Amino acid sequence: MMASERKIKALQDRYRAEFTPPPPEEKSVVPASPAGRPAVFDVSFETVVRAECDLQIATAKAYPMHSDLAGLKRFQDQATAIATSSREVAASCIYHPPRAGGAVEGPSVRFAEIVAGAFGNLRIASRIVQIDQATVTAQGICFDLERNIARTTETQRSILDRDGRRYNADMISKTCGAACSIAARNAILQVIGLALCHPIYEKAKKAALPGKDEDVGQWIAKLLVAFSALGITQAQILHKCGVDHLAKLSQEHRIMLLGIYNAIQSGDETVGSQFGIGPPRRASEAPDKAGGEAIADAAAVDEELDIV
């Protein structure tokens, strides 16, 4: 055999030794059973998941939180206390998504988080099940371990801009997160039920708005400052509400604006989808003087509302 052939053979042997897969691992075997057959431990993933679920159900049954009227009353009291603990928390409970021909007001993702925590013994999950050229589809799951009730919901979100162009990777990722949050919210509210959630939501909505004896001008000024941090001017807000004067903002308009602001902050909507303008600024990029030149300060708002 020539030297070159011996060198090639040596290389082949070395590569064969390096890339030969190792033999399969032997399963753990315990000493033989009385019958003389070895007991082999082979735990599947399905078995592990089932054991986890069974343990959670057993824990929920051992420590019930909402199986009787006293538990439901405790849930409503606790959820109401959290949702109305401050005006900011109450305002975050309102959601106002746009729909063809109008908009629909309802509970937000933050509201669902509050009621889920107060309700207890829930198993909640969400995931993306499909991404195509125009939409992403998220699936939300909520399982009431205590009452053995489960709901699965799916939510689609567009990943196209106003010109029909597909979002970039970062925007698609944010849209997927928003879709998962909405799908989980829908599943939670379906499991707990509208009859239990509606009274809590109404109290939160009332707490988010100024009362009869409160300064409406100050409340509106704070809302305008919050929108200004997103690059939205007072004129655009009035146009969105279909009015030409701050004094014409009704209770319904205030609820709508709170819902729109929460939807933008949570990533469920964008400034462009709501007001037809460019991407929002971060809160850290807000003007040094709160509100900037785009909106008036609280005193000016009071004057426009004829409060002073």
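Q: How many bridges join strand β5 to β6, and do these strands run parallel or antiparallel?

A: Two strands are said to pair if DSSP finds at least two bridges between them. Here β5 (residues 122–131) and β6 run antiparallel and are joined by nine bridges. One of the partners can be named: Ala125 is bridged to Ile141 in β6. Between β5 and β6 lie three residues, and the two strands form a hairpin. The model is predicted: local features need pLDDT of at least 70, side-chain atom pairs count only at pLDDT 80 or more, and totals for chains, interfaces and linings use all residues. Residues are numbered from 1 along each chain as its sequence is written, and side-chain values use heavy atoms, with hydrogens and water left out.

Q: Which strand is joined to β6 by 10 bridges?

A: Strand β7 (residues 149–158) is joined to β6 by 10 bridges, and the two run antiparallel. Thr135, for example, has Ser158 in β7 as its bridge partner. These strands also form a hairpin, with four residues between them, and there Asn148 adopts a positive phi near 60°.

Q: How many helices and strands does the protein chain have?

A: Both kinds of element are DSSP runs numbered from the N terminus: helices (H or I) have at least four residues, and strands (E) at least two. The protein chain comes to 12 helices and seven strands.

Q: How many residues of strand β6 are buried?

A: A residue is buried under 20% relative accessible area, exposed over 50%, and partly exposed in between, with a 1.4 Å probe and protein chains only. In β6 (residues 135–144), nine of the 10 residues are buried, and the strand is mostly covered. For the protein chain of 308 residues, the buried share is 37%.

Q: Where does Glu146 lie, and is Glu146 buried or exposed?

A: Glu146 belongs to the loop between β6 and β7. Glu146 counts as buried because its relative accessible area is 3%.

Q: Which residues does Glu146 touch, not counting those up to four places away in sequence?

A: Contact means heavy atoms within 4.5 Å. With those neighbours set aside, Glu146 touches Ala60, Lys61, Pro64, Met65, His66, Ser67 and Asn121. Asn121 is 25 residues from Glu146 in sequence, but the C-alpha atoms of this pair are 6.2 Å apart in space. In the protein chain as a whole, 65% of the contacts between residues at least 6 apart in sequence join residues at least 24 apart.

Q: What joins the side chains of Glu146 and Ser67?

A: A polar contact does, at 2.2 Å. The term denotes a pair of N or O atoms within 3.5 Å; within protein, one must be able to donate a hydrogen and the other to accept it, and residues adjacent in sequence count only if both atoms are side-chain atoms. The side chain of Glu146 has another polar contact, of 2.7 Å, with the side chain of Asn121.

Q: Where is Ser108, and which residues is Ser108 in contact with beyond four places in sequence?

A: Ser108 sits in the loop between β4 (106–107) and α5 (109–119). Ser108 is buried, because its relative accessible area is 5%. Beyond its neighbours within four places in sequence, Ser108 is in contact with Ser92, Cys93, Ile94, Tyr95 and Arg185.

Q: Which backbone atom does the side chain of Ser108 reach?

A: The side chain of Ser108 reaches the backbone nitrogen of Arg110, at 3.4 Å.
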